[in-house]
Every structure is written in C-alpha cells, then in structure tokens.
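Subject: Structure handover

Hello,

The structure is handed over below for your own work. My notes on it follow.

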Amino acid sequence: MDNKERFDSALYGVGLRIRAVLEKISPTVKANIQEIRLRSGLPVTLTVAGETAFVFKNGQISFCIAKDLLYAQRDDLNESFKLLCRSSVYAHAEELKNGYLIMKYGHRAGICGTFSGSLHDISSINIRIAREVFGAANEIVRRYRGGGLLIAGPPGSGKTTLLRDFIRQLASGECGRIYRVAVVDSRGELSGSFEGAATNDLGFATDILLTADKASGMEMAVRTMFPDIVAFDEIGTAEELQKVSESFCAGVRVITTAHVGCREELLRRGVTAGLIQSGAIGQIALLPPQGGGQMTLFDTKELVCGSAV
C-alpha cells in the first residue's frame with residue numbers, strides 16, 4: 001500500500017460521521033498524514049509532516065484555528081473505541097492497560113480516558129498511521145559493520161520506520177549477506193501483523209514473534225529460532241536490557257530503538273547507558289526531531305570517549 005492507501009486503511013477505527021469527512025481529504029494530503037487525533041468536545045486534528053492541522057467540515061484542512069471546523073463529540077469517541085475494540089473491550093484488556101490498541105496493517109491507537117483497573121470514559125484517541133518507507137535505512141546499510149545497533153531519537157523522529165526498513169534489508173541480502181532476523185514485535189507495528197498475518201515487508205529470512213513481553217520474547221527467539229540478529233522496538237526496562245546482554249553473550253546481535261532527545265541523553269538515561277556499557281551495541285544512529293536535520297551515525301566508543309563524529 002502507498003501512504004494514501006495506508007491512511008484510508010486506518011479509517012475503519014474512526015466513527016462514521018467523522019470518517020465521512022476524512023474520506024474527502026485530498027490524496028496528496030492523505031499521503032502525508034501521520035496521525036488522526038480525536039478529543040472529546042474539541043476539533044479533530046491531524047499530524048501532517050510533523051505539524052498540527054485542523055479539519056473543516058468539507059474535508060479541507062487548515063494549519064490555523066478557524067470557523068466551521070470538524071469537532072469530535074463523546075459519542076464519536078465511544079463509537080471509534082467500539083470499532084477499534086471490535087466490540088470486545090475484554091479481548092483487548094492487556095493492550096489497554098498500556099494505553100493503546102493494535103490495529104490492522106500495523107497502525108496503533110493510543111487511548112486516553114479514566115483508568116481504574118480498566119479504561120473507560122474515553123476522552124481522546126490518537127491513531128498513528130504505520131508507514132513503509134523503502135530505502136529509509138540506506139545510510140545505515142551503507143555504513144553498517146555487522147554488530148549491534150541502537151536507533152535513537154525523540155518521539156516522532158521515524159525510529160520505527162527506519163528499523164522496519166533496516167530489518168527488511170538485513171533479511172534480504174542488501175547488507176552484504178542474508179541475515180536471519182528474529183523480530184520480537186510487541187505491538188504489531190513492525191510487521192503490521194494482525195490475526196497472524198504480516199502486512200509489512202520484513203525481508204525473506206525473518207521470523208516474527210508477537211508478544212507484549214519483549215524480554216521473554218528475546219529469550220524465546222534466541223533459544224528456538226537461532227537467529228543472527230534479534231530486533232525489537234523501544235528498549236525500556238532492566239529486564240529487556242538483561243536479555244540483550246544474554247543474547248550478546250550467546251553470539252546474537254541486537255538491533256533496537258530508544259527514545260532519546262539528544263546525544264547527551266544517551267549516557268544520562270539508565271537503560272541506554274547500560275546498553276552501551278554492555279558492549280552489545282557497536283553503533284548508534286541518532287535521529288533528529290522531525291524536520292530538524294540529518295541522522296548521525298557513530299560508534300559507541302566515540303560516544304564514551306566524547307570524540308566528535
């Protein structure tokens with residue numbers, strides 16, 4: 001699917017009244033939409049190339065607050081929530097504990113409301129449009145040395161998109177050889193998996209394990225699939241860091257991502273500092289904020305030594 005089709009494919013999770021307006025948006029704009037945001041009693045907004053856009057009732061958009069905007073009401077959010085859950089909140093209880101819902105085609109819906117053991121009184125929904133950008137990882141592929149890699153950057157900088165393309169190229173022989181890659185996909189975003197079927201291209205030698213428990217997933221993947229590389233999105237816990245170290249000691253390379261605002265934060269944040277100190281990561285790709293510059297790729301030893309890249 002191209003990006004316009006990906007936007008359309010996410011609309012099944014939007015209530016009918018608002019969906020009818022969003023369907024009118026021009027194909028050019030649809031191709032650049034990253035998020036659909038619904039807030040009870042407030043205008044519907046879109047994230048377009050990193051900027052907030054408002055939607056008029058006729059499907060036109062504006063980057064300024066104006067009259068005749070499309071507003072989302074509580075009934076719209078309740079309807080969207082029901083569609084996203086496919087009428088079964090119970091079936092998605094574990095996802096909702098973490099504030100999101102896995103959608104078809106790798107999209108993800110962030111949910112806010114009242115949490116008291118379960119999520120209810122939904123107040124906002126953020127549908128993030130999954131994208132495949134073939135060639136996004138070309139610069140990393142060109143300079144990759146075959147070891148562990150951390151893709152770091154602030155939210156919205158494109159870490160998951162870049163990781164997805166890098167996995168595809170690793171498992172398709174575009175990095176000098178065909179690597180066996182085990183993907184531990186905790187939210188279905190990397191593979192676009194839904195009900196057991198992957199909709200994103202992750203290459204010819206990739207095994208996909210869908211599990212919310214990334215730490216246990218890494219151990220399972222290393223033990224049962226004998227990969228060259230284990231890849232997963234968003235390292236964030238001490239348990240995950242421990243499994244990365246164990247994988248490294250077992251001879252398996254690890255490629256992952258982390259939320260980091262700038263280069264200095266790599267050694268300030270406990271999990272990324274531990275990852276670097278473990279020796280499991282040989283290179284770091286540091287992404288700028290969206291539209292804020294170029295990716296920087298450097299060796300971890302240069303970060304520790306403080307040398308310029």
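Which residue is the bridge partner of isoleucine 36 in E3? Leucine 46 takes that place. Please keep in mind that the model is predicted.

The sheet

That pair belongs to an open sheet of 7 strands, ordered E5-E4-E3-E1-E9-E8-E7, with antiparallel pairing. Strand E5 (61–62) and strand E7 (100–102) are the edge strands, and each has a single partner strand, so one side of each has no neighbour in the sheet.

E1 and E3 are antiparallel and share 4 bridges. Besides the pair named above, glutamate 35 has threonine 47 of E3 as its bridge partner. E3 also pairs with E4, again antiparallel and over 4 bridges, and here threonine 45 lies opposite phenylalanine 54 of E4. E3 and E4 make a hairpin with 2 residues between them, and alanine 49 in its turn has a positive phi of about 50°.

In a regular strand, side chains alternate between the two faces of the sheet. In E3, Thr45 and Thr47 point one way while Leu46 and Val48 point the other way, and all are buried.

In soluble globular proteins, nonpolar side chains tend to be buried together. Here the largest nonpolar core has 33 residues, and Leu22, Ile36, Ile111, Ile125 and Ile127 have the most contacts inside it. At least two residues of this core come from each of helix H1 (3–10), helix H2 (16–22), strand E1 (33–39), strand E3 (45–48), strand E4 (51–55), helix H4 (74–84), strand E8 (108–115) and strand E9 (119–128). The most come from E9, which gives 4 residues.

With neighbours within four places in sequence left aside, isoleucine 111 is in contact with Phe81, Leu84, Leu96, Gly99, Tyr100, Leu101, Leu119, Ile122, Ser124 and Ile125. There is also a second, separate core, made of 26 residues, including Ala182, Met218, Val260 and Ile284.

The largest pocket has a volume of about 1,000 Å³. It is lined by 38 residues, and those closest to its centre are Gly156, Ser157, Gly158, Lys159 and Thr161. E1, helix H6 (138–143) and helix H7 (159–170) each contribute at least two residues to the lining of the largest pocket, and H7 gives the most, with 5 residues. Divided by class, this lining has 12 nonpolar, 15 polar and 11 charged residues.

For the second largest pocket, the volume is about 210 Å³. Of its 16 lining residues, Glu95, Ile102, Ser193, Glu195 and Leu210 are the closest to its centre. The lining of the second largest pocket consists of 5 nonpolar, 6 polar and 5 charged residues.

Helix H11

Helix H11 (residues 270–277) is largely enclosed by the rest of the structure, because 6 of its 8 residues are buried. The buried residues in H11 are Val271, Thr272, Ala273, Gly274, Leu275 and Ile276. Just after H11, glycine 279 has a positive phi of about 85°.

Regards

Conventions: Residues numbered from 1 in each chain as written. Predicted model: local features only at pLDDT ≥ 70, side-chain atom pairs only at ≥ 80, totals over all residues. Heavy atoms only, no water. Core = buried A, V, L, I, M, F, W, Y, C linked by side-chain atoms within 4.5 Å. Buried < 20%, exposed > 50% of the residue type's maximum accessible area, 1.4 Å probe, protein only. Contact = heavy atoms within 4.5 Å. 1 Å grid on protein atoms, 1.4 Å probe; cavity = no way out; pocket = protein on both sides within 12 Å on 5 of 7 lines; lining within 4 Å. Points joined across faces, edges and corners; volume = space filled by probe spheres on them. Nonpolar A, V, L, I, M, F, W, Y, C, P; charged D, E, K, R; others polar. Pairing = 2+ DSSP bridges.
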